[in-house]
Amino acid sequence: MEIGPILIFGIIMTIFLIVYAPIYQMNQDMYGVRIRPRKKIVEQEANKPKESAMLSLMKAVGDQVIATFPQIADERTRVLLMHANYRSPAHLSTFIGIKTSAVAVFEIMIVLNSGMDILVKVAALLGAAFVTWTMPNFFLAGRVKKRQDLILNELPTTIDLMIVCAQAGLGLLMCIDKVQKETRDTCPNLSAELEQLIQDVKVFAKSVPIALKDMGERCGVEDITSMSSALISAESKGSDISYPLRQQATALRDKLKRKKEEEASKVPVKMVPVIMMFVMPLILCPMLGPAVITIMGALGPVFGTGAK
């Protein structure tokens, strides 16, 4: 009995199983979701940071820096962390620790560089300290912008569901409670904010107007602030909350539509550098290449660079 064909067959089957295993797992997960949706572990970033040795070290460094210089944790940093859903004191300490460690690393690298002049080294120390201290704020601002865009995209769906609940006869707090339970999978960011609002009212005994104002401050989205003001006004007057919600939903959809149209109108302008750098050379080289070579050959004897 020949071993060669069996060995080749075994190798082919092994390669097939290695290649097909991820595809099978993906299809199994897809059909598994259709049959029985899995419970997703929602990352509660506002509760505590992820557990890791590096983040624990950064937190310890941040605690020491804040204890030594309390004014270093300014109001702008706290607001950015709150809008980015990093709201615990541990998040603030970790962020300050990351900034301090980055500054210290770059400062040590510059000090250990012995080939620099004193004035150049001082300027490099100041510039590196400024850049490394302010650079994490830009990343945090990007995180804030991304989360606010997600909340803004989820807001029309949430308002529509609140309108349906209000027209069914539910009160404001019951509408919010019902909507946040129904939108945990489709609108996770806004659903988490509504859940926090419910906890503020039920656990911390805040009034609904104050909880709505706090939600607007936590999110930092202007449309949520205006929606909260409209709901507070309607609730205080005892009128139907579905009308201001409907007006808010219409205005929000018009705003999102104008925003998409504005982004679409900027696409041709953004494509100009790409076309000039990558497309135009491919068009001009075949068209003008032979002509340039012919002109150079004709003018070569005139300038004394032609073939002798």
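Predicted model: local features only at pLDDT ≥ 70, side-chain atom pairs only at ≥ 80, totals over all residues.
Visitor: Where does P156 lie, and which residues does P156 touch, not counting residues up to four places away in sequence?
Guide: P156 lies in helix α5, which covers residues 118-167. With residues up to four places away in sequence left out, P156 touches L252, R253 and L256. The C-alpha atoms of P156 and R246 are separated by 9.7 Å, and these two residues are 90 positions apart along the chain.

Visitor: What makes α5 and α7 roughly perpendicular to each other?
Guide: Their axes cross at roughly 80° and come within 7 Å. Angles of 65 to 115 degrees count as roughly perpendicular, and α5 and α7 are therefore described in that way.

Visitor: Which residues of α5 and α7 meet?
Guide: On the α5 side, R147, L150, I151, E154, L155 and T158 take part, and they meet P188, N189, L190, E193 and L194 in α7. By class, the residues of this contact divide into six nonpolar, two polar and three charged.

Visitor: How do you know the relative orientation of α2 and α4?
Guide: Two packed helices are described by the angle between their axes and the distance between the axes. For α2 (residues 53-68) and α4 (residues 89-112), the axes come within 6 Å and cross at roughly 90°. The range for roughly perpendicular is 65 to 115 degrees, and α2 and α4 are therefore roughly perpendicular to each other.

Visitor: Which residues form the contact of α2 with α4, and how do they divide by class?
Guide: L55, M58, K59, V61, G62, D63, V65 and I66 in α2 meet A90, L92, S93, T94, I96, G97, I98, T100 and S101 in α4. The contact has nine nonpolar, six polar and two charged residues.

Visitor: What makes the phi of N85 worth a remark?
Guide: Most residues other than glycine have a negative phi. N85 is not a glycine, yet its phi is positive, at about 70°. N85 is found in the loop between α3 (75-83) and α4.

Visitor: What is the phi of A205, and where is its place?
Guide: Phi of A205 is near 60°, a positive value in a residue other than glycine. A205 is placed in the loop between α7 (188-202) and α8.

Visitor: How do you know whether E217 is buried or exposed?
Guide: E217 has a relative accessible area of 51%. The cut-off for exposed is over 50%, so E217 is exposed.

Visitor: Where is E217, and which residues does E217 touch, not counting residues up to four places away in sequence?
Guide: The place of E217 is in helix α8, residues 208-219. Beyond residues up to four places away in sequence, E217 touches M82 and H83. E217 and H83 are 134 residues apart along the chain, and their C-alpha atoms are separated by 8.1 Å.

Visitor: Why is A230 called partly exposed?
Guide: A230 has 24% relative accessibility. A230 is found in helix α9, residues 222-237, and its C-alpha atom is separated by 9.7 Å from that of Y243, 13 residues apart along the chain.

Visitor: What does a search of the whole structure find for aromatic pairs, and what lies over the face of W133?
Guide: The search finds zero aromatic pairs. K99 lies over the face of W133, at 4.3 Å from the ring centre. The distance limit for a charge over a ring is within 6 Å of the ring centre.

Visitor: How many helices and strands does the protein have?
Guide: The secondary structure comes to 10 helices and zero strands. Of the 308 residues, 29% count as buried. Among contacts with a separation of 6 or more, 63% are accounted for by residues 24 or more positions apart.

Technical notes:
Residues numbered from 1 in each chain as written. Heavy atoms only, no water. Axes fitted to C-alpha atoms, helices over the stretch in contact; angles between N-to-C directions. Helix = DSSP H or I, 4+ residues; strand = E, 2+ residues; numbered from the N terminus. Parallel < 35°, antiparallel > 145°, perpendicular 65-115°, else oblique. Contact = heavy atoms within 4.5 Å. Nonpolar A, V, L, I, M, F, W, Y, C, P; charged D, E, K, R; others polar. Phe/Tyr/Trp six-rings, centres within 6.5 Å; stacked < 30°, edge-to-face > 60°. Lys NZ or Arg CZ within 6 Å of the ring centre and 35° of its normal. Buried < 20%, exposed > 50% of the residue type's maximum accessible area, 1.4 Å probe, protein only.
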